[in-house]
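Biologist: I have not looked at this model before. Please show it to me, and expect me to ask for the grounds behind each label.

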Amino acid sequence: MDLPDWRVFKRGELSIVSPESGLVTRNRKIIVHIATSADGYIARPDGDLDWLTGMPAPKGFYGIAEFMRTVDAKVLGRKTFDQSVKMGAPFGANDRHYVFSRQEPPATAPAGVEFVTEPIGTFAARIRGGSGKNIWLMGGGKIIGSFLDEDAIDEFVVTIMPVFIGEGIPLIVPKHRQVPLKLRSATPFSNGAVQLHYDIAPRRSD
Ligand SMILES: NC(=O)c1ccc[n+]([C@@H]2O[C@H](COP(=O)([O-])OP(=O)(O)OC[C@H]3O[C@@H](n4cnc5c(N)ncnc54)[C@H](OP(=O)(O)O)[C@@H]3O)[C@@H](O)[C@H]2O)c1
């Protein structure tokens with residue numbers, strides 16, 4: 001491909017920018033796809049997901065199968081990983097699973113699972129600039145907050161369930177922020193859930 005030294009395509013698709021500009025090469029997006037209660041929680045305080053798993057889902061299961069075809073790597077916080085293992089989630093070796101933790105990694109991990117201690121900024125630059133499909137940032141709220149604060153998220157797809165649960169683990173760990181969002185779509189489902197798809201606006205201030 002014959003490109004000049006610098007050239008910027010639409011955010012998240014391909015960015016090749018001169019070294020002087022300090023911007024990174026970017027051709028994969030990091031996307032949060034997650035379900036929340038209508039009051040903004042992703043789990044009860046003890047991690048219970050009864051309010052979510054017990055809710056009848058509409059045909060098509062909120063478009064998750066289509067979304068999964070667009071990703072080939074998943075990022076999880078260590079607590080979400082532990083909870084997934086407890087719930088018997090399969091970790092197929094076809095997709096890479098990156099589990100973020102500040103602790104020593106366990107001696108063994110399921111095939112396709114890699115524990116990561118690399119700083120999020122360098123991890124995101126490296127993975128966005130590599131080849132492959134998009135990356136699913138699965139959660140939970142602490143790792144989403146950490147990625148958001150490093151400007152390491154491109155899109156949010158939030159499926160809001162029609163239920164208040166009163167207390168729990170928030171979608172994004174609380175902190176003063178101002179992150180403008182650009183709405184791509186708002187999709188209602190027959191069970192009363194609504195899916196909001198946002199781009200993170202390119203310029204933001206905290
Ligand atoms: N509703 C949904 O769709 C949905 C989706 C995903 C998860 N969940 C739920 O969310 C809950 C967990 O969420 P959570 O917010 O408590 O935890 P989390 O984000 O899954 O994991 C937090 C852990 O990630 C690691 N971590 C966070 N920031 C880091 C950083 N900057 N660098 C390195 N490691 C970092 C730390 O691991 P160490 O402690 O090992 O250092 C931290 O304790 C679970 O109950 C899960 O079921 C719900």
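Modeller: Gly140 sits in the loop between S8 and H5. Keep in mind that this is a predicted model.

Biologist: What kind of peptide bond joins Gly139 and Gly140, and how do you know?

Modeller: The bond is cis, with omega at about 5°. Most peptide bonds are trans.

Biologist: Which residues come nearest to the ligand?

Modeller: Gly139 and Gly140 are among them, together with Gly47, Gly77 and Ser101, out of 25 residues around the ligand. The elements that each supply at least two residues of this shell are strand S3 (30-36), S4, helix H3 (78-86), strand S8 (134-139) and helix H5 (141-149).

Biologist: What makes you say that the buried residues of H5 lie on the same side of the helix?

Modeller: The buried residues are Gly141, Ile143, Ile144, Phe147 and Leu148. They cover an arc of only 165° around the axis, so they share one side of H5.

Biologist: Why is Asp151 called partly exposed?

Modeller: Asp151 has 14 C-beta neighbours inside 10 Å. A residue needs 20 or more to be buried and 12 or fewer to be exposed, so with 14 Asp151 is partly exposed.

Biologist: Which other residue has a positive phi without being a glycine, and where is it found?

Modeller: Phe61 has a phi near 45°. Phe61 is in the loop between helix H1 (50-53) and helix H2 (64-69).

Biologist: Why is Phe61 called exposed?

Modeller: Phe61 has 12 C-beta neighbours inside 10 Å. The limit for exposed is 12 or fewer, so Phe61 counts as exposed.

Biologist: Is Ile42 buried or exposed, and how do you know?

Modeller: Ile42 has 23 C-beta neighbours inside 10 Å. The cut-off for buried is 20 or more, so Ile42 counts as buried. Ile42 is found in strand S4 (residues 41-43).

Biologist: Which residues is Ile42 in contact with, leaving aside its neighbours within four places in sequence?

Modeller: Ile42 is in contact with Ile34, Thr36, Gly139, Gly140, Gly141, Ile169 and Leu171.

Biologist: What makes strand S9 (residues 155-160) largely enclosed?

Modeller: Five of its six residues are buried, so the rest of the structure largely encloses S9.

Biologist: In which sense do S3 and S12 pair with S9?

Modeller: S3 and S9 are parallel, over six bridges, and in S9 the bridge partner of Thr36 is Ile160. S9 and strand S12 (residues 194-200) are antiparallel, also over six bridges. There, Phe156 stands opposite Tyr198 in S12.

Biologist: How do you know that helix H4 (residues 120-129) has a buried side?

Modeller: Ala124, Ile127 and Arg128 are buried in H4. They cover an arc of only 100° around the axis, which puts them on the same side of H4. The face turned away from that side carries the exposed residues Thr122 and Arg126. S3 and S8 are included in what covers the buried residues of H4.

Biologist: Which residues touch the most other members of the largest nonpolar core?

Modeller: Of its 35 residues, these are Ile30, Val75, Ile135, Leu137, Ile144, Phe147 and Ile153. Beyond four places in sequence, the contacts of Ile30 include Ala124, Arg128, Ile135, Leu137, Phe147 and Ile153.

Biologist: What does the protein chain come to as a whole?

Modeller: The chain has five helices and 12 strands. Buried residues make up 28% of its 206 residues. Among contacts between residues at least 6 apart in sequence, 66% join residues at least 24 apart.

Terms used: Residues numbered from 1 in each chain as written. Predicted model: local features only at pLDDT ≥ 70, side-chain atom pairs only at ≥ 80, totals over all residues. Helix = DSSP H or I, 4+ residues; strand = E, 2+ residues; numbered from the N terminus. Contact = placed C-beta atoms within 7 Å. Core = buried A, V, L, I, M, F, W, Y, C linked by C-beta atoms within 7 Å. Near = placed C-beta within 6 Å. Arc of directions from axis to C-beta. Pairing = 2+ DSSP bridges.
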